[in-house]
Every structure is written in structure tokens, then in C-alpha cells.
Amino acid sequence: MNILGIESTAHTFGVGIITDQGKVLANVKDSYTSKDAGMILDEVSAHHKMVAEDILTQALKTAKLNWDHVDVISYSAGPGLDPCLWVGYHFAKDLAEKYHKKLVGVNHCVAHLSIGKVYNKLKDPCYLYVSGVNTQIIVFEEGKYRIIGETLDIGLGNLLDKFGRTIGLGFPAGQVIEKLAKKGNYVELPYTVKGMDMSFSGILTKCQQLYERKEANQEDLCFSIQETCFAMLAEVVERAMAHTGKQELLLVGGVGANTRFCEMLDLMCKERGAIFHKVPMDLAGDQGAMIAWEGFLRKDSYGDVEVIPHWRTDEV
Ligand code: ATP
Ligand code: FE2
């Protein structure tokens, strides 16, 4: 069985094709970009409409398949930006009607988790999902994903990007911050862990103050943001693994590209006899293959759900 998945929750429009064994046959995408880092919703959805047909054609060509070989069409129903979600939904629905395929709406965030799980052949990991918007510790229990810890304010990626904007690093800033951090020394920042949750907005304010008052330089702040935030997350994840007895950790989301972050999580796992896993770059960002795989997993329980812009992982 082959599943075709359509992603359109935010900047990226993607079409992926995957087999029922989790083998990716195609994963083609195109992302909206703008020079000033702003995102005009009408422009993003116009971008998706414009590229959709071409991306689809490329995906089928790459997979060397025609419609006879596609069994299910899945799409990202949410969470995401409303106008972008509708573009993906209408595109998917039209194809499903035209070619008489089953249509399955899936949750974008859960798709990030599922593709990482199948890629790494994991049994029952503790998930750490750290992107721009999301910072969550998730486990699967009694047939449902449960968020057992999360940020109380902004996501860690957002913190990095907002701080990056303050000091003129451009957007997104995570990768540049990682580079600058290599030359930095430690300055004390608020370490805010509350039970299983954490807060990042105080760190942003403190860093902005230190920078404006010239009390710390870019490199020191980049180094210290990383060390503080990564340590906060490593602490909470370690506790989550101890409580739940999970022996595998899976890191997903864009911040997972950070080498220092992975190093700290890997060390924490080794110390407790657990194994750390991440996802390769081509499956880490937003793309259609993960939507296709989640569509395969949900094909008997979900169908046409239109769009669900605020669909939380623990509601799936
Ligand atoms: P989602 O909708 O899944 O929550 P998103 O669009 O918010 O996704 P991702 O694409 O998963 O986010 O990740 C983007 C974030 O990753 C940005 O905030 C960016 O700064 C951060 N990032 C990218 N590379 C690095 C890096 N090397 N170190 C730290 N952060 C990074
Ligand atoms: Fe995403």
C-alpha cells in the first residue's frame, strides 16, 4: 500500500509518498520565504496554491507511481494557519474525489512524532518536541499521546529567534546562535523549571537587558542561552523518563538540529542506560512524508475532518 501525504500548515507546501512499511518514495516541498522575515498570510496561501500541482507532479515522478498505485490521500488538518490549512485540504479533497481515494485528515504535530518513531524503529519512546512554537515532552499512554511537560510561555525556537532579532542575526536565528555560542562564556540567566513545565520568556528579557546595557556580548549570551535552556530541558526530560520508565528518547523539531543540544541529551540518556535518537534533516522539518505515514496509521480511525487549526496533540 502507498499513501500520499499533503503538508500545508505554515511556510511549507509538501507532497510525500510512503509505503505501508514506512519507506519514503518521494518527499518534495517548496517553502514560502520573504526578505524581512515577516509572514503575510495571503501571500503564504497564494504560494501554496501556486506550487501545489507542480510539487504533486514531481512527487509522483520521483516515486515512479501513477494514481493506480496510491491507496490513501492524507493531509495536515491542523494545527496551523487557517488559510494555509484550507489550501491543503481543498487540494487533497479534490484529488480524493477525482481519483476515488480515501481521504484522511491528520495532526501535524503527531506526524512529526510518528515519522521519527518509524524512522528509528522505536518501540515506545519519550518524545521531546522542540520547534519554533512548540516545546513539549510527550509520552504515549493508554492509547493517547499525553503532554507531560511543556513551556508555560514561548517555545524555545521562538526564544532563539526573538533574541536573534534583538541582536540583528536575521531569521531564523537558531543556527547562527549555535555558531556564536562556540566562542562564548557563561553568564547567569534565570533557570525556570516549574514541576514538569518550563518558562523561557524571563530568559529573553534578561538577555535583552544585558545586551542593551552592554553587560554581556553576543557570544556570551548565545552560549548562556543554550546552556541554560538545554539544561532545563534535559532536567525535565530526565525526570519524565524516570517517572515513566521509558528507555528511548526521541528529539523532534527544528531546534533538534543543534549539536550541543543533542550532545547534552545523549549524555543524559547514556547516564541512565537509555538511548537517544533524532531524525535526519530531510524528515525533521515540515514535509509530506510524515503526513503520509500518519495517514497510514490513522486510515481506519480518521477521515475527512476539514481543518482543525488549534488541534492539540493530546486531543488526537
Ligand atoms: P512546528 O509547526 O512543527 O512547531 P516550526 O515552524 O515552529 O514547526 P521548526 O521548523 O520545527 O519550527 O523549527 C524552527 C526553529 O528551529 C526555529 O526557531 C530555528 O531558529 C530553530 N533552529 C534551527 N536550527 C537550529 C540550530 N542549529 N540550533 C537551534 N535552533 C535551531
Ligand atoms: Fe512542523
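This is a predicted model: local features need pLDDT of at least 70, side-chain atom pairs count only at pLDDT 80 or more; totals for chains, interfaces and linings use all residues.

Residues are numbered from 1 along each chain as its sequence is written, chains are lettered from A and ligands numbered from 1 in the order in which they are written, and side-chain values use heavy atoms, with hydrogens and water left out.

Asn 134 places a polar side-chain atom 2.9 Å from an oxygen atom of ligand 1, and Asn 258 has one 3.1 Å from a nitrogen atom of the ligand. Taken alone, ligand 1 exposes 650 Å², and the protein buries 83% of that (Shrake-Rupley areas, 1.4 Å probe; for residues, only the protein chains shown count as cover).

What surrounds ligand 1? The shell has 21 residues, the closest being Tyr 129, Ser 131, Asp 161, Glu 178 and Gly 254; near means a heavy atom within 4 Å. By class, seven are nonpolar, eleven polar and three charged (Ala, Val, Leu, Ile, Met, Phe, Trp, Tyr, Cys and Pro are nonpolar; Asp, Glu, Lys and Arg charged; the others, Gly among them, polar). Helices H3 (108-119), H4 (156-166) and H5 (174-181) each give two or more residues to this shell; helices (H or I, at least four residues) and strands (E, at least two) are DSSP runs, numbered from the N terminus. Domain 1 (2-112 + 283-315) and domain 2 (124-280) both contribute, so ligand 1 lies between them. Those bounds come from an automatic or database domain assignment.

Next, the second largest pocket. Its lining also draws on both domains, so this pocket lies between them. H3 and helix H10 (288-298) each supply at least two lining residues. The lining divides into seven nonpolar, two polar and four charged residues.

Last, the backbone. Most residues other than glycine have a negative phi, and most peptide bonds are trans. Gly 78 and Pro 79 are joined by a cis peptide bond, omega about -5 degrees, with Pro 79 in the loop between strand S4 (72-78) and helix H2 (82-99). Another cis bond joins Phe 171 and Pro 172, and Pro 172 is in the loop between H4 and H5.

Note on methods
A polar contact is a pair of N or O atoms within 3.5 Å; within protein, one must be able to donate a hydrogen and the other to accept it, and residues adjacent in sequence count only if both atoms are side-chain atoms.
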